[in-house]
Amino acid sequence: MAGRGLSGPLPLLLLLLLVLVGILPVADGSGYLSGYRQKSRLQRDRHFRNIRPNIILILTDDQDIELGSMQAMNKTRHIMEKGGTHFSNAFSTTPMCCPSRSSILTGKYVHNHHTFTNNENCSSPSWQAHHEPHTFAVHLNNSGYRTAFFGKYLNEYNGSYVPPGWKEWVALVKNSRFYNYTLCRNGVREKHGGVYSKDYLTDIITNDSTNYFRMSKKMYPHRPVMMVLSHVAPHGPEDSAPQYSSAFLNASQHITPSYNYAPNLDKHWILRYTGAMKPVHMQFTNMLQRRRMQTLLSVDDSMEKLYNMLVETGELDNTYLIYTSDHGYHIGQFGLVKGKSMPYEFDIRVPFFVRGPNVEQGAINPHVVLNVDLAPTLLDMAGLDIPAEMDGKSILKLLDTERPVNRFQLNRKGKTWRDSFLVERGKPPHKRGEEMAQEENFLPKYQRVKDLCQKAEYQTSCQQPGQKWQCVEDPTGKLRLYKCKGMASLYAPRMQALMASGASHVQLSPTSDSDSCNCDDVAFKTSVLKRKRLLTKKSPSVSSYSEIKSGKTVSRKRWARSVSFELDGDLYAVDLEDGYRPLGSGNSSWATHRRRGEGNEEDNDEFSGMGVTAKPTDGNKTTPPAALKVTYRCSILMNDTVKCDGGLYKSLQAWKDHKLHIEHEIETLQTKIKNLRDVKGHLKKVRPEECQCNTPPSYVLKNKETFRLNAGRMHSVRMPSKQKNLWLQKEQKRRKKLRKFLKRLQNNDTCSMPGLTCFTHDNHHWQTAPFWTMGPFCACTSANNNTYWCLRTINDTHNFLFCEFATGFLEYFDINTDPYQLINAVSTLDRNALNAMHQQLMELRSCKGHKQCNPEKGGKERNYFSEYRPVHRRKRPKVKKPSSKSLGQIWEGWVG
């Protein structure tokens, strides 16, 4: 009885305690009690039903970590730093938008998914067929996750389809914009204007994503959600919300020790070519930093709304939040006004925060994490197997709180993780002949031409037997290569067939062998000399035909109907039979000036192309045209403005009719150009062998095969591809380049430097406050052929960046002693160290899969550089200098 009496009150006491614990929260309000009960119920559901976590990836565009951009985001830092883990060594393997985003989606390096630049294979048919069906979204969607994407996808995404793996799809068409853009909402294009309350993209991403999460949890409470919030901030055009347009008045976080550190004669060719910034450039960098940080304030608000939504739905503790950027950015570093794509810390380091279940709060993790780790990490968070072809690794094991269970586990062995990774940018070099040096293959075009012009074989005016090219200096002082064609002193004239009607005494037997030549007829040369004298008389201002041939556009050695020359900035055409024909300035094509009788009246009939109205004043002078007649109703004046007749400005129907007429003329000319190219390609294929009449027979036979080989090489380079799709791609690139060139000429844009990518900025570029008011300027900051591969290593003993550029140039920076990469210290390394780094870099450049692409430290893995020290170190053992045979040759193409 006593035992029963003692055991009876115990369950009552325990029940009373549970009731008290349940009643205490009532004092804090019914809302808290509701969330408390919901949280407890959710915990029970997770325990018994094993509900998988939600995953939310927040991705920004061009956000740096080195220039202080996170200082503008106090709410985000409070949520992610204090509530999660900050990875202090997070990097992007390719500091460009589309390549990096493709790596995030696939978990692969650029050399494995082949999106080399923002244009090359970016959202191309090849990408859609081979890589898009294998993104992390496809795996998560197949496993039951409700996947959703909001914001910027890839730079060249055209909005014509919804990529596989996404349940909800609200993606930006083309590149970053805050206003006046188009969204693809589940396959339907949706246009937006410039009203902040309806169209500001950062707010639309926030509202759509939070609404989708709430709806998903309401309709499918036990299905996990995976969302990507891909913000366009702080990418250009850096339009902030109106309420933040006056923030950060004195922003100066971008002024680091490398700011305007120029010239850099010890670094690669771009930094040697560009110098220090001008005062207007420095003012621009201050304004740019301010506007970028203003755009991030809206992203900061977005993080707060997202966090509050997770708290309200009770999903915070069961949701992984990942915050990062596609790559870094530079603003004035090394004299580069703005941009990315450089291999230095400011461009490859990114912010990286993780918060979620079992993630230590307020921790800083020093392990190296990459953008290629995101895809395998998301799959690992969802409990899925990671495909072997992914180059990255899951960082989930780095997030576990390593707290020892008892005192005997204090000295537990640390985790094994990578200490080196690859940074790559640009297209891989094409395989070329062994006779060409590597640095000649990949120097800028103007530098390659300059080097070629130093050779004796290009300095003669097409006088050497078998010479294919000659070097000519144009009126602007630039060296250009021109092809040698129709050399009368060595070969038969190529225009023989065209002029056969005028020289009937020249006859070719139709049944003769293709290798036979008719070298007995001398009358043809006589007729040529007579024609030459006539031309000299017809064009008195040109002293001789040799002077005409020295012009830029007529370096060819064949008879032309007309030639051009430049006079006071205007281009004129000289008709070799009818006298002068003036052209318009700038980007004009051949004019169609006609004479009617003695009055020399101008032709006012309707015509296609471009015409001018100009009359020669006297025998030796020409008057530049006052207006360039483009169509029968519109002309271009000398001040580069377009002037049409009054009817086009008053009648809408006349305007439409004339616009249709112009479009029809453009299509007609494009069709004609295409047909001419087809004929030209056909003529190249069926080109007969040229005769060498004045050369001894033994010399002809000896050099016959060599000439054929050189001609075949030249045709293989210049002939278009046989496959239609490749030809179309080349044609599109050519047309795009031509449009840009014509647009620059039309706008009097002189912002260009040989081999570099330049941009212009003026008072009209930014359409929202704060405005730029210091006028236009030009800046050159990068290059399309800036291809490199870098080895970045961080471990207990080393912290360095080693780069090999496609030109053969080498760079090495010890980040421990030179954290801002001011001095290229490659000269301090011995040959063993260079060869070891080159060997590991070559292995990473060809790696496939996480086993090959992740050199690990710890365990049985050995560090390549555990024994080397730079020359400037004090303590270094004296070693006998090995012979050149035992030391080994440094790889071909390096520049020390």
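**Cavities and the strands around them**

A search of the whole structure, which is a predicted model, turns up six cavities of 30 Å³ or more, where a cavity is a set of points on a 1 Å grid over the protein atoms alone at which a 1.4 Å probe fits but cannot get out. Residues are numbered from 1 along each chain as its sequence is written, and side-chain values use heavy atoms, with hydrogens and water left out. Because the model is predicted, local features need pLDDT of at least 70 and side-chain atom pairs count only at pLDDT 80 or more, while totals for chains, interfaces and linings use all residues.

The largest cavity has a volume of about 90 Å³, a volume being the space filled by probe spheres set on the points, which are joined across faces, edges and corners. Its lining, meaning residues with an atom within 4 Å of a point, includes Leu57, Arg101, Phe149, Trp166, Val228 and Ser230. Two or more lining residues come from each of β1 (54-60), α5 (97-106), β3 (146-152) and β7 (225-230), these elements being DSSP runs numbered from the N terminus, with helices (H or I) of at least four residues and strands (E) of at least two. Helix α5 gives the most, with three residues.

Let me stay with β7 for a moment. Six of the six residues of β7 are buried, so this strand is largely enclosed by the rest of the structure; buried here means under 20% relative accessible area with a 1.4 Å probe, protein chains only. Val225, Met227 and Leu229 point one way from β7, whereas Met226, Val228 and Ser230 point the other way. On pairing, which requires that DSSP finds at least two bridges between two strands, β1 runs parallel to β7 and is joined to it by five bridges, with leucine 57 partnered by valine 228. Strand β3 also runs parallel to β7, through six bridges, and there alanine 148 has methionine 227 as its bridge partner.

The second largest cavity has a volume of about 70 Å³, and among its lining residues are Glu66, Thr256, Gln333, Phe346 and Tyr820.

Finally, an open sheet of four strands has the order β12-β24-β25-β26, with antiparallel pairing. Strands β12 (420-425) and β26 (810-814) stand at the edges with a single partner strand each, so one side of each is left without a neighbour in the sheet. Within this sheet, seven bridges join β24 (residues 788-794) to β25 (residues 799-805), and threonine 793 has phenylalanine 800 as its bridge partner in β25.

Methods: On a 1 Å grid over the protein atoms alone, a cavity is a set of points where a 1.4 Å probe fits but cannot get out, and a pocket is an open set with protein on both sides within 12 Å along at least five of seven lines; lining residues have an atom within 4 Å of a point. Buried means under 20% relative accessible area, exposed over 50%, partly exposed in between (1.4 Å probe, protein chains only).
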